[in-house]
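Subject: Structure handover

Hello,

Here is the structure for you to look over. My notes follow below it.

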Amino acid sequence: MRRYLRYVLMNVEPIRIADDSTSQSGQTMTLKFIPGTTIRGLVVNALSRGKEFDEIRQALFSSDVRYLNACVSVEGKELFPSPKGFYEDKSEAQGKKRIENVVVEGVFREGMKRAALGRYACIEEDTVRYYGVETGSDLKIKINVSEEEQNVFRNEYITAGHFFTGYIAVEKPELEEAVRSVFDKMVILGNARSAGFGKCRVVSAEYVDKIPYGELLPGTDRKGSCYMMLLSNLAMRDENGEICGLNLKQLEKLMGVEHLSVKYCSTSTVDVRGYNRTWGIHTPSVTMYEQGSVFHLVYEGTLSAERMAAISDSGIGIRKNEGFGRVIFLDQYEKVTWKARGEETPEGKSAPAAARSAEACGEDAEVLKLTAGNYYRNLIRRKMREYVVDHPLQKGALGSSQLGKLEALTTAYKYDPAAGKKAIEQYFSHAEEKEANRKTQKARGSIKGLVREVRKVFDADLNGLLGLETGDTIMGVDIKELLTEEDVYRLKMKLLTELIRYDNKKEGAR
């Protein structure tokens, strides 16, 4: 009997999983979800250390185990990729806004444009509620490259504090415990692990008997037509074994209908690529329909509710083991005529909303602590932005090279703040000694003012420094339990970096 391991992760550090299809030279973009291939790599690498790995290895790479993509969850809702095919007029609107679905009748009114629906969505009766994912980026410099090569590059990442819900379909009961054992307290995913990226806390991991997103399925048979949406990228093979989009003959047999065709659809394609870390090579690319694509299918006969559930359960097309080919049939999709913005990002949550999110997910005190900690960090980040503007660096007439050296240290040691503080103190001691030897004690040109500024940040209570009043608890959790000493120093290191960068921007504007 097939069961699904449902797991919930919260990335306590930024996470980056390179999106090769959109990345360009000098810029690496990140996927906005955790792909099944990444989860498969996590499971296989973890289990490969066990004595029984040779016995289960083949099953882990077969359709006996299927690793679905993990998508963002907000307010206890398991979101799915935003559906394509909706259009809206160009007028601004607060709250709900009327939209038109081109997949239903194949037309939309003149002057309409594609509706902006963020990255994720959920459907509530006649309304599609959409959500975004908060991302950030950092700049790196390549060394030892020729002048012709690009030596500055930008990396995008998903910021910390997002909840991801994913599923792993396990066909064989004897594999269940082995797969579940991987999702213990903490896992590390994605790129830049050595730089502190990818650390995710396992909120929960338990087996369920329901089909993921099964609540969207029609409860009754569908005669003549239906709507099918892709939950993950999809490609099939034709009768000659060549990669194609939809193989209607094969899908027709699975649906148990005749003369199947696509009446209308709204799709996009993506060049799916990958990288084998073990072999150090890129895997062959495949052009697929992108997740969120919607098909209005027409046919002769009746598509039963049981067949819709079976197809949604097993998936269709190639590479199902990696999470590709997941589809869902939609109930009363033609009635969706409104859109509304959901809770955009974790940073936008209020404390009560964040508490409701943990409560709605049915999580325990540990999850509430995680949610409270995330909310607390967001409050601090907001106050840090205000502090940077209201308390500019008192650097006197120091040159940009000294500030540049300090910024290099705060950036290089942002994930090892204890070592960073030590390195900064050594730099200041050396600079003060050098200044004393040169007898350059002019107030405006001295580094002493900058030293006082930095030490004030390091030595002060963070809440007091920022003027943040939270009380002794947040969501009923003692505030002292929400941040470790390392977390506090890491935030202080970030504050110093932002103070220097803001100063540089002001200098550049003059």
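A disulfide here is a pair of cysteine sulfur atoms within 2.5 Å. By that test, a search of the whole structure comes up with zero disulfides. Please keep in mind that this is a predicted model.

Cys 122 has 8% relative accessibility, so it counts as buried, the cut-off being under 20%. Cys 200 is buried too, at a relative accessible area of 0%.

**The chain overall**

The chain has 510 residues, and 48% of them are buried. Its secondary structure amounts to 13 helices and 28 strands. Take the contacts between residues at least 6 apart in sequence: 74% of these join residues at least 24 apart.

**Strand S1 and its partners**

Is strand S1 (residues 3-11) mostly covered or mostly open? Mostly covered: eight of its nine residues are buried. S1 pairs with strand S15 (residues 163-170) in the antiparallel sense, over eight bridges. In that pairing, Val 8 stands opposite Thr 165 in S15. S1 is also joined to S17 by eight bridges, and these two strands run antiparallel. There, Tyr 7 stands opposite Ala 205 in S17.

**The three-stranded sheet**

Another open sheet has three strands, in the order S9-S7-S10. The pairing is antiparallel. S9 (100-101) and S10 (113-114) stand at the edges. Each of them has a single partner strand, so one side of each is left without a neighbour in the sheet. Two bridges join S7 (residues 86-88) to S10. Across that pairing, Glu 88 stands opposite Lys 113 in S10.

**Aromatic rings**

How many aromatic pairs does a search of the whole structure find? The count is ten. Two of the entries are set out here.

Phe 80 and Tyr 213 form an edge-to-face pair. Their centres are 6.1 Å apart, with 85 degrees between the planes. This pair links distant parts of the chain, 133 residues apart. Phe 80 is in strand S6 (residues 80-81), while Tyr 213 is in the loop between strand S17 (199-208) and S18. Both Phe 80 and Tyr 213 are buried.

Tyr 289 and Phe 295 are edge-to-face as well. Here the distance is 5.2 Å centre to centre, and the planes make 75 degrees. Are these two residues buried or exposed? Tyr 289 is partly exposed, with a relative accessible area of 21%. Phe 295 is buried, at 1%.

There is a cluster to view too: Phe 86, Tyr 227 and Tyr 333 form one aromatic cluster.

**Charges over rings**

Two cases are worth a look on screen. The charged end of Arg 16 sits over the ring of Phe 197, 4.9 Å from its centre. Lys 492 lies over the face of Tyr 489, and the distance to the ring centre is 5.4 Å.

Best wishes

Terms used: Residues are numbered from 1 along each chain as its sequence is written. This is a predicted model: local features need pLDDT of at least 70, side-chain atom pairs count only at pLDDT 80 or more; totals for chains, interfaces and linings use all residues. Side-chain values use heavy atoms; hydrogens and water are left out. Buried means under 20% relative accessible area, exposed over 50%, partly exposed in between (1.4 Å probe, protein chains only). Rings of Phe, Tyr and Trp (its six-membered ring) pair if their centres lie within 6.5 Å; planes under 30 degrees apart count as stacked, over 60 as edge-to-face and the rest as tilted. Helices (H or I, at least four residues) and strands (E, at least two) are DSSP runs, numbered from the N terminus. A charge sits over a ring if NZ of Lys or CZ of Arg is within 6 Å of the ring centre and within 35 degrees of the ring normal. Contact means heavy atoms within 4.5 Å. Two strands pair if DSSP finds at least two bridges between them.
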